[in-house]
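Here is a short briefing to read alongside the model. Take a moment to look over the fold, and then follow the notes below.

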Amino acid sequence: MRINKYYLAAFSAFFIWGFFSLALKPLHNYPSLDILFYRVFFSVIVMVLINVAFRRNVMKQNWNHFKNMTLKKRKSVVVLTLGGGLFLSSNWFVFIYVMNHVSVKTASLAYLICPILTTVFAFFILKEKLSKWHWIAVTISVFSCVLLSFNHFEDIFYSLITAATYALYLVSQRKNSELDKFLILNIQLLFTAIILLPFYPDYSGVIPVEPLFYACLLVIVVFFTIIPLFLNLYALNGINSSAVGIMIYINPIIGFLLAIFYYNEEATSLQLFSYFLILVSIAVFNKKLIFPRKSKGIPSKLEGLK
């Protein structure tokens, strides 16, 4: 019964993220940098309040653990945490821009590509091994991206940039497991906010006065940042990252359905065929998870999603 709660938490997190466009699209008239400013600033405030009000013991334990690390380990944690903050904030900015100024379809495609791209980065950067099935999946995915680039180079370019920034964030955090994940995210966003703050007066637009802006921002911060993050972290306490990782595809699938049936974005036959190939590559990539009985009982792990 307990395991069902963890699966439900993981499913709910990615299901919620799938509807992100409903809160972000109404803000398409606002500059993407402004949306990033306010999302980071408001997220930091909410997360600091959560940590101070409900997680003081966690903060104290993590601080004591950090102080007891070797100097080399402390430097590694600091570099990985702050560097991860830069990758994450870059991903947020690119995603906001793509969602509001390119297409919902393009933004969704990024998160279909992301898990496989993460594994490729891990192979080259972290020297992690890939099975032949992983390489077959990567080849199929690359071929589908080539097809998508025909007459739609801008779309696939933005999808790859969005996917790459998040994949680099995941890879950079692969070894950053010494401290509480929620606390790490809070530190990363606080670091990003400190960097962005000096640029805010010169690069932000007029301070928004429309209630719609703050209503949507509140929904983004609470319902599309804090709540799904909590659900994702809770799920990882009870099931392995492979089981959680495969559910990430719920997010872009919902995004595609919204793009085509709600936002009436067009999709050519070639694009639909390319998306189908990406789904095939996903099935091949997760072969041992989808067909566990045919894998001789050997557990598999979906790389890059933790």
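Helices here are DSSP runs of H or I with at least four residues, numbered from the N terminus. With that in hand, please keep in mind that this is a predicted model.

**The protein overall**
- Of the 306 residues in the protein, 49% are buried.
- Counting contacts between residues at least 6 apart in sequence, 88% join residues at least 24 apart.

**Helix H6: length and course**
- Helix H6 covers residues 104–125, and its 22 residues should span 32 Å at 1.5 Å a residue; the end C-alpha atoms are 30 Å apart, which agrees.
- At Cys114, H6 has a kink of about 40°, shortly before the proline Pro115.
- Just after H6 comes Lys127, with a positive phi of about 60°.

- H6 is largely enclosed by the rest of the structure, because 18 of its 22 residues are buried.
- Thr118 sits in helix H6, and its relative accessible area is 0%; buried means under 20%, so Thr118 counts as buried.

**A contact at the kink residue**
- Cys114, where the kink in H6 lies, also has its backbone oxygen 2.8 Å from a polar atom of the Thr118 side chain.

How values were computed: Residues numbered from 1 in each chain as written. Predicted model: local features only at pLDDT ≥ 70, side-chain atom pairs only at ≥ 80, totals over all residues. Heavy atoms only, no water. Helix = DSSP H or I, 4+ residues; strand = E, 2+ residues; numbered from the N terminus. Expected span 1.5 Å × (residues − 1). Bend = angle between axes of the 7 residues up to and from the residue. Buried < 20%, exposed > 50% of the residue type's maximum accessible area, 1.4 Å probe, protein only. Polar contact = N/O pair within 3.5 Å; in protein donor to acceptor, adjacent residues only side chain to side chain. Contact = heavy atoms within 4.5 Å.
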